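The sequence and structure come first.

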There are 2 protein chains.
Amino acid sequence: MASAPKANAVVGQSGGPTAVINASLVGVIEEAKKHPEIQTIYGARHAVAGMVKDEFIDLGKISPATLETVAASPSSALGTSRDKPDAAYCRRILEVFQKRNIRYFFYIGGNDSANTAYIVSTVAKEANYDMRAFHVPKTVDNDLLVTDHCPGYGSAAKFVACALIGDDLDNRALPGVKIDVIMGRHAGFLTAAAALGKKRDDDGPHLVYVPERPVSIGKFLGDVEAVYKKLGRAVIAVSEGICDADGETWAKKIAQTAEKDPHGNIQLSGTGALADFLAAQVKNNLNIKRVRADTFGYLQRSFPGFQSPVDADEARRCGRQAVLYAMEQDNGSVAMKRTGNGKSYGMELFRTELKNVAEKTKSMPDEFLNADGNGVTDKFLEYAMPLAGGLPQTEYLAGYPKV
Amino acid sequence: MASAPKANAVVGQSGGPTAVINASLVGVIEEAKKHPEIQTIYGARHAVAGMVKDEFIDLGKISPATLETVAASPSSALGTSRDKPDAAYCRRILEVFQKRNIRYFFYIGGNDSANTAYIVSTVAKEANYDMRAFHVPKTVDNDLLVTDHCPGYGSAAKFVACALIGDDLDNRALPGVKIDVIMGRHAGFLTAAAALGKKRDDDGPHLVYVPERPVSIGKFLGDVEAVYKKLGRAVIAVSEGICDADGETWAKKIAQTAEKDPHGNIQLSGTGALADFLAAQVKNNLNIKRVRADTFGYLQRSFPGFQSPVDADEARRCGRQAVLYAMEQDNGSVAMKRTGNGKSYGMELFRTELKNVAEKTKSMPDEFLNADGNGVTDKFLEYAMPLAGGLPQTEYLAGYPKV
């Protein structure tokens with residue numbers, strides 16, 4: 001292994017924003033500043049899109065106070081992109097890197113970002129260009145392989161858990177059926193976090209549906225009816241990627257039945273369509289009057305002032321560690337390993353190969369989901385609870401003894 | 001005026017939950033405990049519904065520590081009801097009050113609750129029953145008359161302002177058109193709070209539509225197109241009660257065009273319908289690819305751990321003051337008056353007649369809305385900012401100078 005080159009570095013943020021992706025960014029910047037091998041620290045505007053267009057800002061010039069505000073801010077402070085670069089795209093990136101003597105590439109994002117780092121690293125090797133490429137994990141879906149969990153998940157889980165704590169109290173006060181649609185097209189980790197705030201036996205969510213467990217409309221309605229008959233109310237958490245018994249997503253099925261509006265335009269199957277469809281099913285088939293549905297949408301990933309402290313700290317550590325690895329190795333992805341026993345939570349970092357993370361995704365393990373396919377297990381709660389970093393205590397009085 | 005009777009008290013919570021209605025409840029309880037005239041402090045389960053059914057809990061037995069948790073909890077800890085009692089209903093309530101020697105009635109809620117307190121007070125007088133009835137204001141919509149603002153509004157405003165801060169950062173990172181539908185069927189105060197977090201000239205929301213200013217689809221699309229052409233993105237806050245130029249709500253018009261689904265059921269015009277409709281309009285008519293819409297739903301009123309400190313404090317003071325007034329007068333509603341100059345914020349309480357608040361609602365004054373009907377004025381920001389009680393600082397880097 002050659003010693004670390006004296007050269008410039010670039011950092012980018014890719015994919016959907018999270019509450020702590022900027023903490024990872026600041027982790028990269030603050031660690032990079034400590035290493036004389038790294039000269040200018042460029043920030044790529046809008047990820048790979050800014051790299052091919054040669055659009056950078058100088059991150060070394062930002063004051064420590066501003067960096068702390070950045071670290072606490074949701075979304076991607078450098079801007080992001082949905083581009084999925086191929087080898088040709090990455091060779092154009094490499095040309096820009098060569099022109100600017102960029103030999104350190106830090107890319108914060110999901111599995112696509114790990115793949116981009118892998119391709120850039122590969123085309124650099126082919127060009128005999130001495131360069132180091134590291135991926136820093138990020139996703140609210142928590143669906144990356146190898147790592148125990150992903151930065152971004154804990155804060156989103158905290159938001160969803162709090163939303164359900166509040167929504168369950170709301171539903172106790174005004175009973176009925178409430179359906180909440182939560183992010184997660186393929187993995188149910190975030191929807192499962194809806195259950196983290198449950199304390200009393202009859203706390204909601206009473207039913208949790210994730211993409212890993214297909215469910216027919218009939219089964220769904222039967223579950224809802226059973227809870228409603230028992231409690232006089234029901235709070236239900238549903239992944240946006242929930243599938244019918246045949247494996248097809250409900251969202252897609254609903255879109256196929258979309259009608260044209262009076263102006264002849266196709267009605268968009270928008271963010272509220274799945275929630276409204278489920279509410280209509282319950283209302284029409286179970287004859288329950290008070291049925292409401294909310295779709296949490298972008299709030300889950302971008303709500304400010306509500307980071308999980310554990311998540312923010314880990315995101316920053318991942319950013320710092322990427323720089324430390326780059327001082328010694330060519331490429332890799334930063335991953336987290338859980339340490340400590342059941343009572344205390346700890347986490348340590350390790351390096352994994354980019355191709356171990358690239359393009360693939362992780363689903364919830366069977367042990368996190370109940371046998372009936374409509375709830376989570378204690379094992380899941382033990383897994384996710386430390387990541388949310390503490391939930392608010394609440395109290396409800398109407399169940400106290402009558403006098 | 002007769003001296004305050006030695007008797008029992010009841011407190012109830014009505015209408016939709018808020019983040020601080022339980023702070024008002026605890027204010028009533030803690031003040032009531034100080035007055036020997038008040039013996040048992042009953043809590044009515046599910047508001048007037050519990051009163052007619054004689055379903056009460058004993059609030060005097062709850063520990064101070066639990067009461068603090070209650071005060072910090074969203075939703076209505078006693079449960080609530082949408083019943084709108086008439087005189088006959090209130091006479092049944094009075095029978096229960098007489099049976100239990102309840103002579104203090106504290107009712108936390110909106111204009112309907114003030115009306116209920118008024119009717120109960122009237123039927124008590126008719127029955128020569130010495131009783132005191134006080135209304136404690138509560139609403140996220142901020143639409144009560146007389147009072148400068150309502151407990152519950154500040155926390156909901158903080159939630160909406162934060163949501164838009166995050167959503168605007170999200171939209172900067174991944175540009176496109178983003179539409180957020182916010183609570184408020186008749187009054188636009190909560191939707192207007194979307195603008196509280198704006199700092200930079202190009203910060204969103206770039207357009208704000210409230211029920212007080214009807215807007216046609218053509219005008220709406222023209223506004224969106226103008227912002228999008230200038231900034232390459234647009235963030236838009238819309239009240240759920242937004243009206244077309246003819247004064248009819250868009251929500252109602254959309255419901256009228258609802259189609260049947262393949263099973264022959266009428267599709268419910270659910271919470272996401274307005275947002276999806278607006279997104280489809282923008283997508284189809286302006287040929288903009290990335291258009292997203294969220295409907296914030298119940299999160300706005302029931303999110304835990306996110307009270308405005310100012311709002312929580314004022315809600316509690318209103319509860320305490322209702323008890324103090326009841327020691328000296330027959331009935332009334334607690335109202336807030338703003339004190340201090342533009343730089344410092346202060347608030348003092350006063351009593352107003354129940355019938356001044358009952359049944360009527362307040363709209364946003366003209367001076368809070370811009371001439372074009374698509375934004376708020378500085379006067380509104382000065383009015384609402386202190387109530388939200390502080391917003392998180394954020395930073396965005398991609399706009400920094402290119403190097």
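This is a predicted model: local features need pLDDT of at least 70, side-chain atom pairs count only at pLDDT 80 or more; totals for chains, interfaces and linings use all residues.

Helices (H or I, at least four residues) and strands (E, at least two) are DSSP runs, numbered from the N terminus. Residues are numbered from 1 along each chain as its sequence is written, and chains are lettered from A and ligands numbered from 1 in the order in which they are written.

**Helix α14 of chain B**

A residue is called buried if 20 or more other C-beta atoms lie within 10 Å of its own, exposed if 12 or fewer, and partly exposed in between, with C-beta atoms placed from the backbone. In α14(B), residues 378-388, the buried residues include Phe380(B), Tyr383(B) and Leu387(B), along with Ala384(B) and Ala388(B). These residues lie on the same side of α14(B), because they span an arc of only 125° around the axis, the arc being that of the directions from the helix axis to the C-beta atoms. An α-helix has 3.6 residues a turn, so residues three or four places apart point the same way. Asp378(B) and Glu382(B) are exposed, on the face of α14(B) turned away from the buried side. Among the elements covering the buried residues are α6, α7 (189-192) and α12 (309-326) of chain B; contact here means C-beta atoms, placed from the backbone, within 7 Å.

**Other elements of chain B**

Helix α9 (residues 250-256) of chain B contains Ala251(B). Ala251(B) is buried, as 20 other C-beta atoms lie within 10 Å. In strand β1 (residues 7-13) of chain B, 5 of the 7 residues are buried. Strand β1(B) runs parallel to β2 (residues 38-44) of chain B, joined by 4 bridges, and Ala7(B) has Ile38(B) as its bridge partner in β2(B). Two strands count as paired if DSSP finds at least two bridges between them.

**The sheet of chain A**

In chain A, 4 strands make an open sheet with parallel pairing, in the order β7-β8-β6-β9. Its edge strands, each pairing on one side only, are β7 (207-209) and β9 (291-295) of chain A. From one strand to the next the twist averages 15°. Strand β6 (residues 177-182) of chain A is joined to β9(A) by 5 bridges; Asp180(A) has Asp294(A) as its bridge partner in β9(A).

Axes are lines fitted to C-alpha atoms, for helices over the stretch in contact, and angles run from 0 to 180 degrees between N-to-C directions.

| Helix | Strands of chain A | Angle |
|---|---|---|
| α8(A), residues 217-231 | β6, β7 and β8 (234-239) | about 155° to β8(A) |
| α10(A), residues 273-286 | β6, β8 and β9 | about 165° with β9(A) |

**The two copies**

Chain B superposes on chain A by a rotation of 180° with 0.0 Å of shift along its axis (RMSD 0.0 Å), which is the relation of a two-fold axis. The superposition is by least squares on the C-alpha atoms of residues with pLDDT of at least 70 in both copies. In chain B, the C-alpha of Gly272(B) is nearest the axis, at 2.0 Å.

Technical notes
Two residues are in contact if their C-beta atoms, placed from the backbone, lie within 7 Å.
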